[in-house]
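Please view the structure alongside the text.

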Amino acid sequence: MFEKYDIEELYLASINVIYPDYMGIETNIGGILIEKEAGYGYFTVVRAIEHDDHTSYIDLANPERPIRNSRNSSSTSYILEDTDPLSNYYTQDGKRKQTFSKRRALKEGEKHYNEFHQKRLALTKEN
């Protein structure tokens, strides 16, 4: 019927999308011209899949998108920026649910995107 995902495999994630071979020009605060990559970012829930030598990720909302760790200049790149285990955010009446359907995992992630983003901002300000 529906596939169930273990909460230990699920992560809140920040994905940066960068378009291929597009560099815009903008000026920074000092008036110096700098190159800027075109793209956008979004939050989602990803599933980690362990392999012998590495871990790959699947975006539950868009499973056909190849999640990468670096930019590919010949195609649109979906780059995994930051992750945090969904289990850090989810509790229900003091009990932890161990499995989620795809829809339920995405709904649960939506509840916590703001908190995840705030944690990322706090870490950025510290550094």
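**Nonpolar cores**

The largest nonpolar core has 14 residues, and among these Leu10, Leu12, Val45, Leu60, Phe100 and Ala105 touch the most other members. Such a core is a set of buried Ala, Val, Leu, Ile, Met, Phe, Trp, Tyr and Cys residues joined through side-chain atoms within 4.5 Å; buried means under 20% relative accessible area with a 1.4 Å probe, protein chains only.

- Strand S2 (10–27) and helix H1 (102–126) each supply at least two residues of this core.
- H1 gives the largest share, four residues.
- A second, separate core of ten residues includes Ala13, Val17, Ile67 and Tyr78.

**Basis of the model**

- The model is predicted: local features need pLDDT of at least 70, side-chain atom pairs count only at pLDDT 80 or more, and totals for chains, interfaces and linings use all residues.
- Residues are numbered from 1 along each chain as its sequence is written, and side-chain values use heavy atoms, with hydrogens and water left out.

**Contacts**

- Leaving aside residues up to four places away in sequence, Phe100 touches Glu3, Lys4, Tyr5, Ile7, Leu10, Tyr90, Ala105 and Glu108 (contact means heavy atoms within 4.5 Å).
- Of the contacts between residues at least 6 apart in sequence, 62% join residues at least 24 apart.

**Fold and surface**

- The chain has one helix and seven strands, taken as DSSP runs (helices H or I, at least four residues; strands E, at least two) numbered from the N terminus.
- Their order along the sequence is β-β-β-β-β-β-β-α.
- Of the 127 residues, 31% count as buried.
- The accessible surface is about 8600 Å², with 47% belonging to carbon and sulfur atoms (Shrake-Rupley method, 1.4 Å probe).

Note on methods. Buried < 20%, exposed > 50% of the residue type's maximum accessible area, 1.4 Å probe, protein only.
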